[in-house]
Amino acid sequence: MTPPLDIPALVSALTLEEKAALLDGADFWRTQGIDRLGIPSVMVTDGPHGLRKQAGASDHAGLHDSVPATCFPPAAGLASTWDPALLERIGQALGRECRAEEVAVLLGPGINMKRSPLCGRNFEYFSEDPKLAGELGTALVNGIQSQGVGTSLKHFAANNQETDRMTISADVDERTLREIYLPAFERVVTGAQPWTVMSSYNKINGTYASEDRWLLTDVLRDEWGYEGLVVSDWGAVNRRDLAVHAGLDLEMPSSGGGGTRVILDAVAAGTLDEKDVDLAVTRVLELLNRVLPALAPGQTFDADAHHALAREAAAASAVLLKNDDAILPLATTGGPVAVIGEFARTPRFQGAGSSQVNPTRVDDALSSLTAALQRDVVFAPGFSPDAADPALVAGAVALAASSEVVVLFLGLPSSYESEGYDRDHMNLPADQIALLEAVADANPNVVVVLSNGSAVTVSGWEHRAKAVLEGWLLGQAGGSATADLLTGAANPAGKLAETIPVRFEDNPAIGNFPGESGHVRYGEGLLIGYRWYDAHALPVSYPFGHGLSYTSFAYSDLSASGEGVTLTVTNTGSVAGAEVVQVYVTDPVASVYRPEQELRGFARVFLEPGESATVTVALDRRAFAYWHPALRRWTVEGGEFGIRVGASSRDIRLSATITLEGDDVTPPLTSSSTADEFLAHPQAGEWLKERIGGFGAMLFDPQHGQMMRAIPLVRLSRFPGSPLSESDIDEAVARFH
Ligand code: BGC
């Protein structure tokens, strides 16, 4: 094995021009090499749920061909597994494929929050909940990096829409950033140390993420202890000199020398410190030392084994939303089964854009169902993705009428959702709903299988189906996995990683998406996803965390403390299956607004019929904390907390109350603090009571006191007859703050 690069020696041997050049890409996918000093160039490439290595022409929009690679389910599917162990295994497989193609860094995972159901890239993102996204992202990164291949945690940060994605300013208050938009990144950084983090295109509160030193250095490195390299999203650099200073090490793709010139000019002008350049160069060289050991020609991967893993992952990703009359699983024998819908024959299994993989093979559900069932399986396309077709509907209805059961494949045409633009609505195409109506009129035994990368509303049509299997986009083995689920060869265990609202208009970002005049206001604050639907007591079609199984589970024997919960879960049905136990924390009394409940832990348990298991979910102090806006730190406010354990956010089976010691949350006093705030301060309160003299009657009057105590003390001191002067208050602030 070649010895690692001697980084300090190289940094002193490189000329300033060479150092600046090293901070720019060599082309679309490769880093710069410096032959003179033996610094190699390496390849980074998309990601995230499969490898998109372009051997010929390059682009970042999924236009040109890439080498065949296993297409695992995109994140929208994987998130519904709630299964970090599975994601780690998928990560290992992705790492092996990267090694076989001599790819140094896989550009993923994308872990941005699903703020609006309309975000065009929701299929590439995990969840509306930071805990779930953070745990799954950590597992995937650990899996990939275990193979000696790097990852790129993206898109850092607050990149929650595609509209104007390269310029929009996400205007978000700090508490919301800290509690909702940053924690998944923080979790992956502290739990897996991704070798690269990708800074996003957008601005945050007016500053480009690529130029945001608070984000890229203060928070990422100084607070979270990040040790890797920061790379720009492709074309995300605005001012290269500001980006270097902020902590953005590598610009991708190649700026054609433009970025290099800006760096050199800024160093010459004295506006950029050469030390900042050296630091970024050091990080590029450190990345090389991490990736080089795994880069060798002639490595292979087992495409069959990876396809089998993709099938297992797809089966775990689908969510059984409803199953009336236990219409599923389909019996292996019986009358004819009508399979209707083009997606059964021509699956939609991934989204469009930079993540688009050229699969090693593709399973379709129609062939797999035909092979699995010893009953007649008849097919009608029912619709064409492009236009309504009455002849296709008539054919489907005829087939439905003469069959025992109908499996109807509906979903979003690929043009509906893509990187680069957002959706306009959450509906299935109207002609598909009309097809369902017509088919259900002919035969009420309808099972709907959905293919969609982002959530669709179901409230207008789901009553016409006895079962609905939400398949998301399931990757290249989605067809066979769907057949496994429909026939009971696999038992559904997926749970929703996002809420399905009754109406699009109910969603939290309504009125604040996708923004205007270059700004999008995160007006819902903390209330993303279920936090919003809970706060407004809104009915939903299917809540966050929901998902049915062919068996049932009982929860018992909860014990809870600040360190975690323990309970017993029993499989009370007749088939083996997995259950995802969810732990939500509530903080009913607090001095700041707290969401009704927040997911703080989960565990997946597989049980044979009749089997019980003890399930433990650890909680740490952060599970109870909020970001104190004035103290600007994580704070646990002492007192009672509720622990809710359930099968979904709205199917709570057990609950407990615990009491925790709190941190000191006394806010720093200023002269504008109210009389109440002074009184709440242990020493300042005593001081004020002593000094208040004749104003005491007013301040403590049973009826008017509350109004008076809400007045900033400095204003009160200006009232006629005040016993306090402004300088008294300044002195008190200096003494007691
Ligand atoms: C996307 C990234 C991707 C990069 C390279 C960008 O447009 O936002 O997710 O990794 O292109 O293709």
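S517 sits in the loop between β17 (500–501) and β18 (519–521). Strands here are DSSP runs of E of at least two residues, helices are runs of H or I of at least four, and both are numbered from the N terminus. The phi of S517 is near 50°, a positive value in a residue other than glycine. Most residues other than glycine have a negative phi, and most peptide bonds are trans.

The model is predicted; local features need pLDDT of at least 70, side-chain atom pairs count only at pLDDT 80 or more, and totals for chains, interfaces and linings use all residues. Residues are numbered from 1 along each chain as its sequence is written, and side-chain values use heavy atoms, with hydrogens and water left out.

The protein has 24 helices and 28 strands. Its C-alpha trace spans about 95 × 75 × 50 Å along the principal axes.

Two cis peptide bonds are described here. One joins K154 and H155, with omega of about -5°. H155 belongs to strand β4 (residues 150–156). Another joins F156 and A157, with omega of about 10°. A157 lies in the loop between β4 and β5 (169–171).

H155 is also a ligand neighbour. The ligand is surrounded by 15 residues, of which D46, R121, H155, Y201 and D233 are the closest. By class, the shell holds five nonpolar, three polar and seven charged residues. Nonpolar means Ala, Val, Leu, Ile, Met, Phe, Trp, Tyr, Cys and Pro; charged means Asp, Glu, Lys and Arg; the others, Gly among them, are polar.

Polar contacts are pairs of N or O atoms within 3.5 Å. An N or O atom in the H155 side chain is 2.7 Å from an oxygen atom of the ligand. For the side chain of E419, the distance from an N or O atom to a ligand oxygen is 3.1 Å. A polar side-chain atom of R165 lies 3.2 Å from an oxygen atom of the ligand. The protein covers 100% of the 310 Å² of accessible area that the ligand has on its own. Accessible areas come from the Shrake-Rupley method with a 1.4 Å probe.

In a cavity a 1.4 Å probe fits but cannot get out; a pocket is an open set with protein on both sides within 12 Å along at least five of seven lines; lining residues have an atom within 4 Å of a point. Grid points are joined across faces, edges and corners, and a volume is the space filled by probe spheres set on the points.

The largest pocket has a volume of about 450 Å³. It is lined by 21 residues, with K131, P183, R187, D620 and R622 closest to its centre. Two or more lining residues come from each of α5 (130–145), α7 (183–192) and β23 (598–607). Helix α7 gives the largest share, five residues. The pocket lining comprises nine nonpolar, two polar and ten charged residues.

Seven cavities reach 30 Å³ or more. The largest cavity holds about 130 Å³ of space. Among its 16 lining residues, P347, R348, S451, G478 and T482 are the closest to the centre.

Notes
Near = heavy atom within 4 Å. Polar contact = N/O pair within 3.5 Å; in protein donor to acceptor, adjacent residues only side chain to side chain. 1 Å grid on protein atoms, 1.4 Å probe; cavity = no way out; pocket = protein on both sides within 12 Å on 5 of 7 lines; lining within 4 Å.
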